[in-house]
Amino acid sequence: MLFLGLGALLFITACGGGSSGGDNSSAGGEWLIPEDEVRDGGPGKDGIPSLDSPIFLSPENSGYLADDDLVIGVVRNGEARAYPHRILDWHEVANDEFGSEKVTINYCPLTGSAMMWQGDLEAANAEFGVSGLLFNSNLIMYDRESDTYWSQMLATAVHGPRIDEKATLLPMVETTWATWRSLYPDTAVLSRSTGFSRDYSRYPYGSFRTDQNLLFPVANSDNRLHPKLRVFGISQDGITRAYPIEAFADGVQVINDVNEAYVVVGSSGRNFAAAFSATLDDGTQLTFSPIQDDTLVMEDESGTRWDLFGQAQEGPRVGEQLTPLFSYTAYWYAWAAFFPTTEVMSP
Amino acid sequence: MKSPIVLLVVGAMSAGFMPSGRAATCSCAGVALSSADAYIASKAGDSQLAVTYNYFDLSDLVAGSTEVNDETQRDRATQTLLLRYGYGLSDRWTVGALVSGVRHERQVRTSNQGEQIGEGLGDSLVTLSYSPQQISVWNRQQLSFGLGVRIPTGEDDKGSPLFLEDMQPGQGAWGGSAWVYWARAYSQAARLKTFVSLSLSETGENDREYSFEGETTLSGGISYASDLGLWVQAAIDLRDADPHTRFGGELPNTGGQWINGSLSVQYSLAPDLAVNAGVVLPIHRDLEGSLQFTTRQQFSLGLVYNIQ
């Protein structure tokens with residue numbers, strides 16, 4: 001009896017003392033987004049562990065990847081690295097360094113969206129972690145310096161000390177392993193030796209990639225396309241458009257929007273898309289045509305040839321850089337949830 | 001992972017009214033639905049009051065049927081406190097009611113965030129059971145049937161931002177269960193008994209279109225009651241839980257099959273008062289999806305008071 005009474009007392013006492021335990025974010029204060037639309041994903045803060053000391057392999061040792069596996073491809077200071085979805089499905093955030101440059105590669109498996117953000121140059125700890133919270137079913141990260149919460153698809157701090165600050169996006173490409181390897185044969189690729197006991201041969205979300213189901217609610221549902229169709233979205237200067245990846249030509253296709261002064265380059269066969277301002281710093285507006293080359297994707301009227309990151313690699317403008325638009329690939333349902341006025345484009 | 005409160009509630013629902021002073025063994029993720037000996041019929045006019053405390057340690061990380069190391073050092077536990085009352089309408093019909101308090105705890109020890117707690121009033125139950133056969137001097141078999149309705153009295157709005165359903169004290173949805181229990185005694189004194197039971201449960205959607213869905217549990221075991229007021233039971237439970245759903249679609253990494261072993265003891269302090277304790281441990285599990293946290297162990301303590 002005494003034991004039971006003690007157990008009951010402990011329970012009741014604990015019940016009475018846990019009000020602060022209901023706080024599902026460790027940063028207090030207001031939210032930039034509707035708080036009632038922020039969802040607990042279940043694992044808790046850091047329950048999905050970020051990769052903080054990623055190890056890389058040479059492409060010859062990438063036998064765990066299939067040609068059509070999607071990867072996030074990055075080139076910094078001439079060094080190419082690939083971060084496979086197969087690994088990021090389980091970790092969502094990889095804090096990495098290129099020399100002294102700190103970056104975070106973030107990927108939300110529920111929205112299919114990937115980005116690379118510049119690490120905080122001012123912070124002693126520039127790392128990001130997975131908060132365990134979601135907005136529109138999309139990853140909310142937190143930075144380990146200020147404990148500010150950041151919406152991935154908005155690339156904006158939505159809660160905490162740095163609320164309303166924008167993340168600095170760095171150029172990256174989402175494509176297949178085969179395409180990335182053909183573009184950058186010397187690329188390094190993330191190792192499965194992550195320090196975590198995960199089966200990277202398995203996709204952790206069942207049939208989610210292809211079925212019609214959502215795991216968490218979103219603010220805006222749009223049934224114009226299949227919810228999991230991968231679209232390349234652009235949202236900049238009042239333009240909000242989505243280009244289904246599968247609607248691009250099999251080879252490289254270039255779309256020049258002369259009125260809005262931007263260019264989209266994409267390929268369904270090689271599974272990539274990118275978008276840039278077509279106007280150079282000196283005010284020159286370029287138009288482009290596709291080139292079917294393994295490494296370069298478009299050519300302007302001067303004969304300059306550009307790569308997938310918008311860098312001029314050959315020709316009179318070699319060394320120049322096109323300005324990337326705010327754009328990335330995501331599942332249609334997620335893009336439409338964040339950008340409800342999106343115009344669906346048919347390349 | 002099955003919400004502890006769901007199974008707890010349905011398990012307790014299955015327990016019905018037990019004038020013998022037996023405690024309900026509640027359930028949780030990976031644990032059996034109810035005590036297999038929980039369907040003992042009442043006598044007309046008898047009533048029973050029982051309090052049970054349960055602790056569920058949900059810290060095992062399992063991929064399919066393989067336990068894997070959790071480098072995030074996540075602790076997950078649920079405590080429940082159940083208050084149950086039963087009344088014998090006749091020698092064959094029994095009604096019961098249960099209210100619950102629930103506390104969910106979660107902490108990732110590699111994180112800078114402290115323990116998160118979702119606690120409060122849990123769901124409630126009403127049950128009705130019918131026992132056409134009862135063990136007596138002249139009859140060595142018992143057969144009982146039961147039905148239960150879970151009432152969503154529990155709090156399901158905990159957390160800021162809102163916790164996921166498995167951290168809410170209440171499920172926010174109506175549910176129901178049905179069970180059948182058969183036991184056989186091997187002497188007139190009925191000290192040694194074997195039993196088997198089958199229970200089914202289903203759960204509706206809450207207002208966020210989330211459902212814990214249903215599960216089936218088959219239990220079997222053996223019990224022995226001594227002259228000294230000590231009662232011991234060992235049981236094996238086979239549990240099959242459906243994946244949870246949201247918006248009608250199955251949620252990955254929920255549901256699965258479990259085989260659990262349980263050991264319960266009870267001691268009669270007085271003719272109308274008994275204390276009990278139990279432990280449930282997993283023997284085998286085969287869980288849906290690629291990774292689930294599930295029950296490592298479960299403990300219970302109870303006090304039962306019979307009113308005649």
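Me: Which residue of chain B forms a salt bridge with A:Asp40?

Reply: This is a predicted model. Between chain B and chain A the count is two salt bridges. A salt bridge needs a side-chain nitrogen of Lys or Arg within 4 Å of a carboxyl oxygen of Asp or Glu. In the pair that holds A:Asp40, the closest N and O atoms are 3.0 Å apart, and the partner is B:Arg106.

Me: Which strand gives the most to the side of chain B that touches chain A?

Reply: Several strands of chain B each supply at least two residues of that side, among them β1 (47–57), β4 (74–88), β5 (93–108) and β17 (273–287). The strand that gives the most, with five residues, is β5(B).

Me: How much area do chain B and chain A bury between them?

Reply: The contact takes 47 residues from chain B and 49 residues from chain A. On the side of chain B, B:Glu71, B:Gln113 and B:Pro161 supply 15% of the area buried against chain A, more than any other three residues. Of the area buried between the two chains, 58% lies on carbon and sulfur atoms, and the total is about 3700 Å².

Methods:
Residues numbered from 1 in each chain as written. Chains lettered and ligands numbered in written order. Predicted model: local features only at pLDDT ≥ 70, side-chain atom pairs only at ≥ 80, totals over all residues. Heavy atoms only, no water. Contact = heavy atoms within 4.5 Å. Buried area = accessible area lost by both parts, 1.4 Å probe. Helix = DSSP H or I, 4+ residues; strand = E, 2+ residues; numbered from the N terminus.
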